[in-house]
Amino acid sequence: MTAMTALTVLSAEAPSLVQSVDWLAIAPVVITAAVGLVVLVADLFVAERHKPVLGWISVAGLAAAMATLLPLRAGDRATFCLTGDPAACSYVADRFTLVIQFLVLAGALVTALVSVTAVHDSRMPAGEYWFLLLSSAAGAALLPASRDLATLIVALEVASLPAFALVGMRRGDRLSSEAALKFFLSSVTATAVSLMGVSFVYAATGSLHLTQVAGRLEDVPGQLDALAMAGVALTLVGFAFKTAAVPFHFWVPDTYVGAPLPIAGYLSVIGKAVGFTGLILVTVIAFPAYSDIWGPALAVLAALTMTLGNTAALRQSPDRPNSAVRLLAWSSVGQAGYLLVPIAAAAYSGRDQIGSTVAYALMYAAVNLGAFAVAALVARTKPLHRISDYRGLYAERPLAALCLGFFLLCLAGLPPGIIGLFAKVTVFRSAVDAGLGWLAVVMAINVVIALYYYLRWTALLFRTPEGAQNRTRAPWPVAAAVVVTAITAVVVSGAPELILRVTSGSLFAQ
């Protein structure tokens with residue numbers, strides 16, 4: 001009895017090591033991952049002629065995961081917290097997390113709609129395709145909620161590894177295999193460098209939780225300062241790779257060309273969101289003490305990225321095979337440069353500037369996914385993916401041409417695409433407010449450069465078509481993806497303050 005009493009007293013005095021789990025907070029990630037497993041198992045028992053049902057299960061799962069964001073909209077939940085420091089949590093469902101999770105899950109849903117027909121027509125293995133897409137989406141949804149470096153890296157790889165396989169999903173296609181290999185090797189190298197950086201940061205601070213790392217970097221011993229500085233720089237590499245920032249951009253054009261078109265659209269939006277989310281978390285939450293290092297570095301990367309991306313897009317020949325996909329790929333690199341601007345500005349004028357990047361990402365996601373959805377529709381009859389294939393599209397598919405024209409004008413930032421203009425003004429203002437006038441000038445020049453290739457493609461849609469028109473019925477899932485993205489872009493163009501209201505103020509839990 002004495003031993004039992006002593007054990008009871010010790011148990012009462014010792015802190016509990018058992019963590020409670022907030023299942024509602026992690027529901028969007030758990031549901032997406034669980035539906036992926038269900039699809040993979042169901043694939044073993046579903047007959048070949050019924051394989052399309054796996055796609056609709058995936059669509060329903062993504063819609064259900066999005067629905068679980070509604071009860072979380074207060075943005076005040078956290079779980080997997082340290083028992084000794086309740087403020088240090090590995091999973092936080094704040095406003096930033098919820099907005100990015102909405103972007104990821106909505107983008108994956110649009111990708112799934114476009115993919116339903118593509119998987120069947122290309123005879124890709126349905127079970128593997130949907131499992132990989134949902135797994136990648138689960139990792140991408142986990143990343144914005146991650147608040148320790150270990151979880152960040154794990155989420156980054158969970159989002160990336162399935163994407164490698166998705167890029168190479170077209171069996172027997174040389175371009176697809178080469179694209180997947182290039183994407184894989186370059187990404188693994190970047191991740192290895194980031195892991196080395198994380199290890200350096202851990203050695204210098206003794207913690208992996210972002211809030212604790214931020215506090216301890218403020219007072220790093222002199223002999224560890226160089227180690228911490230190297231860790232900060234190396235950690236940023238993996239996330240810069242995912243954003244396709246120069247000089248980590250070289251994988252983008254070939255990967256987009258080799259990947260199935262829905263996956264190219266997925267990478268252009270969700271893959272980019274993964275990189276920017278990780279970059280935001282490690283810079284403004286974990287490494288504010290070294291803002292004098294990463295701030296100027298990101299500003300230079302932003303200028304180089306937007307300039308190279310827009311210049312390369314400008315040089316695309318309309319008659320070259322895959323020129324439409326390459327133009328969208330290089331355009332996405334240029335857009336990445338714009339997205340980097342508010343992150344760089346946060347080093348000078350506070351982390352509330354991050355709202356500009358999030359707002360731009362939301363606006364960009366809708367119109368870019370819509371452009372890829374129209375490209376998937378056109379590719380059904382013109383598989384060479386040339387810009388010249390879009391000549392006279394209005395005569396053949398009036399609605400698709402009007403939607404694509406609107407998407408391109410949004411990307412260019414011209415009326416009636418007010419959504420794009422508003423996004424660019426928001427980013428431009430963040431640079432000016434931070435005192436980065438030179439970066440604002442570079443951005444303005446690049447916006448003018450981009451006008452040329454966006455308007456050239458838009459004008460082509462309404463020219464007289466050459467040769468006979470090949471009219472085919474548009475698959476309704478692809479048409480639905482085009483219409484949904486177009487309606488979203490039109491609504492936000494009419495009321496852009498809806499996006500700004502969501503992304504204004506502090507997005508992070510205090």
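Predicted model: local features only at pLDDT ≥ 70, side-chain atom pairs only at ≥ 80, totals over all residues.
Residues are numbered from 1 along each chain as its sequence is written, and side-chain values use heavy atoms, without hydrogens or water. Local features need pLDDT of at least 70 and side-chain atom pairs count only at pLDDT 80 or more, while totals for chains, interfaces and linings use all residues.

**View 1. Helix 4, residues 95-121, with its kink.** Helices are DSSP runs (H or I, at least four residues), numbered from the N terminus. The 27 residues of helix 4 should span 39 Å at 1.5 Å a residue, and its end C-alpha atoms are 39 Å apart, which agrees. That expected span is 1.5 Å times one less than the number of residues. Just after helix 4, Arg123 takes a positive phi of about 55°.

**View 2. The largest pocket, about 850 Å³.** A pocket is an open set of points on a 1 Å grid over the protein atoms alone, with protein on both sides within 12 Å along at least five of seven lines; lining residues have an atom within 4 Å of a point. Volume is the space filled by probe spheres set on the points, which are joined across faces, edges and corners. The lining has 28 residues, and Met66, Phe102, Leu103, Ala106 and Leu362 are the closest to the centre. Helix 4 gives the most, with 10 residues.

**View 3. The second largest pocket, about 460 Å³.** Its lining has 24 residues; Ser122, Arg170, Leu261, Ala379 and His385 lie nearest the centre. Helix 4 again supplies the largest share, here four residues.

**View 4. The largest cavity, about 100 Å³.** A cavity is a set of grid points where a 1.4 Å probe fits but cannot get out. The whole structure holds five cavities of 30 Å³ or more. Residues lining the largest one include Ser136, Phe183, Lys242 and Trp251. Helix 11 (261-286) provides the largest share of this lining, five residues.

**View 5. The second largest cavity, about 70 Å³.** Among its lining residues are Gln335, Tyr360, Cys410 and Lys424. Helix 14 (354-378), helix 16 (398-412) and helix 17 (418-433) each give two or more residues to this lining.

Conventions: Bend = angle between axes of the 7 residues up to and from the residue.
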